[in-house]
Amino acid sequence: MNTKGKLLLFPTLLGENHFAEVLPAKTIENIRATKYFVVENERTARRFISSLKSNFPIPELKLWLLDKHDEHADFSEAFSVLESGENVGLLSEAGCPAIADPGNNIVATAHQKNIQVVPFVGPSSILLALMASGFNGQNFHFHGYLPKDKAALHAKLKSIENDSKKNKTAQLFIETPYRNNQMVEEIISACLPQTLLCVAADITTETEEIFTASLAHWKKNKRDFHKRPALFLLQA
């Protein structure tokens, strides 16, 4: 009989909206019932868990910090808790854990230790943007951040445009929000006028904006995405 705890993968909000608008009741219920968490930011994690009315006093929660720059961080204490039979939640800072976010190494270790991994439903900006783009959801590639150097960026944009055209692939990437408008200009400059661009900003919030058009259209019709969390999707 397996008496080990479970590693619970908890999505969280993408923006400043109410949790009940985007999180299923089962996800909320299980976050409330969890006392141990691995998180990216302790302050925002405690605030989020508190907003859900945790079953435990917030000071009694045990949180371990997940450093995205340290792949070899020691989570032996968290795994000792799991081995003892208690559940541990892996909580993303925004969206789904381990998807364009750190945490996959903890999940991999859980599998190695024969600890059950349970993913919970919640918002994923990548999937929501792809769903709403009109692009190929059967064949897509997420690149994360593209190079900052202008020459390298243009070369990368041409490369992913060519891959999209050759393999009918939707190409997804992100940028630092204060550089969003500049990224649109760089895409227009580097790629062909008939190539399609979708920008999905402020997903799931009241200011959500998801728009797909040719680069020729984007060149003539400017939109402001400055400092707004956004995904860029390209399809040739």
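Hi everyone, let's start with a pair of side chains: Glu209 forms a salt bridge with Arg228, with the closest N and O atoms 3.0 Å apart. By salt bridge I mean a side-chain nitrogen of Lys or Arg within 4 Å of a carboxyl oxygen of Asp or Glu. This pair links distant parts of the chain, 19 residues apart, with Glu209 in strand S9 and Arg228 in the loop between H8 and S10. Helices (H or I, at least four residues) and strands (E, at least two) are DSSP runs, numbered from the N terminus.

A quick word on the source: this is a predicted model, where local features need pLDDT of at least 70 and side-chain atom pairs count only at pLDDT 80 or more, while totals for chains, interfaces and linings use all residues. Residues are numbered from 1 along each chain as its sequence is written, and side-chain values use heavy atoms, with hydrogens and water left out.

Back to Arg228: is this residue buried or exposed? Arg228 is buried, because its relative accessible area is 15%; the cut-offs are under 20% for buried, over 50% for exposed, and partly exposed in between (1.4 Å probe, protein chains only).

Arg223 is partly exposed, at 33%. Together, Asp202, Glu209, Arg223 and Arg228 are linked in a network of salt bridges.

Elsewhere, Arg179 forms a salt bridge with Glu175, the closest N and O atoms being 3.3 Å apart. Here Arg179 counts as buried because its relative accessibility is 16%, and Glu175 counts as buried at 6%. The total count is 9 salt bridges.

Now some backbone. Most residues other than glycine have a negative phi. Lys53, not a glycine, has a positive phi of about 65°. Lys53 sits in the loop between H2 and strand S3 (62–65), and counts as exposed at 61% relative accessibility. Asn114 is not a glycine either, and has a positive phi of about 60°. You'll find Asn114 in the loop between helix H4 (104–112) and strand S5 (117–119), exposed at 54%.
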